[in-house]
Amino acid sequence: YLTGTSGNMDGINLWRSPDLKHFTFVKQIWTASTDPAAWYNAAPNRLHWAPELHYINGTYWLAHCISAGAKGKNGILKSTTGRPEGPYAPAFPENRGVDQHIDSSLFQDTDGSVYYVWQDGLIRKLNAAMNGFDGEERKILPYDGQRVGYEGATLVKIGAWYVLTCAEWNGGGNHVDGTYDMMYSCAKSLVGPWTPRRVAVPHAGHGALFKDKSGRWLASFFGNDRTAPLRAMPGYVPVELQDTGDDLVIGPKTTP
């Protein structure tokens, strides 16, 4: 399944593919204007972007962002049918926003615990019902104190390693020049220590690491900088993983 910032940015669209090559449009699975009284519809010119689809505990969840309102920019939606096409309802009571940042994501650990991950590496454990939090927020930082990136945080587990990816502009301080890259840091425990950040995949800022049906690891990207191989279009690239025991090295796959 594929989703992302698309259309008139009033909601969330969904596509599906059997082979990651040929995609079919499913439908718009959620629209911000469905509930006129919702907090985000009180602000003019609100836009919706960066949704993510996650299958957790027997149903589908959408972590998403809306550029409006004082009650929070990010939200979480839950499929009421267990199907990816929904329909979806707000996961948190009273349809309230989850936080006042951007770029929300979800991560389920091997023990079943689910974490809300957002912005630049902020993380907070969700309760069992995933309609509230169980504990305080904290920020994942490498042991050298430098952030992994400034937005687009996602978290996955690869073998024994937790891997945090974030987006960063490299080689340009104006978010126009340079490259918009997928940076990463890894650790064998959620509490660290986390390795200093490195580039995982150039041009893949605010992408995500994911596995296909055969178990290959891939990195999604959409091309946000002027030198990207694709511009404002969805794509992916296979990645190579080298686990040395003391480190996990991630990069674009260079061999057939």
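This is a predicted model: local features need pLDDT of at least 70, side-chain atom pairs count only at pLDDT 80 or more; totals for chains, interfaces and linings use all residues.

Select T59 to start: at 7% relative accessibility this residue is buried (under 20% relative accessible area; exposed is over 50%, partly exposed in between, with a 1.4 Å probe and protein chains only). T59 belongs to strand β4, residues 59-66 (strands are DSSP E runs of at least two residues, helices H or I runs of at least four, numbered from the N terminus). Show what surrounds T59: beyond neighbours within four places in sequence, H54, K78, S79 and G82 are in contact (heavy atoms within 4.5 Å).

Residues are numbered from 1 along each chain as its sequence is written, and side-chain values use heavy atoms, leaving out hydrogens and water.

Next, pick strand β8 (residues 114-118), which pairs with β9 in the antiparallel sense through four bridges (pairing takes at least two DSSP bridges between two strands). Click V117 and you'll find I123 of β9 as its bridge partner. The hairpin of β8 and β9 has three residues between the strands, and Q119 there takes a positive phi near 55 degrees.

Now hop across: β9 and β10 run antiparallel, joined by two bridges, and L122 sits opposite K139 in β10.

Last stop, L126, in the loop between β9 (122-125) and β10 (138-139). Is L126 buried or exposed? Buried, with 3% relative accessible area. Among the residues L126 touches, sequence neighbours up to four places away aside, are I76, F92, L106 and F133. V114 is 12 residues away from L126 in sequence but 5.7 Å away C-alpha to C-alpha.
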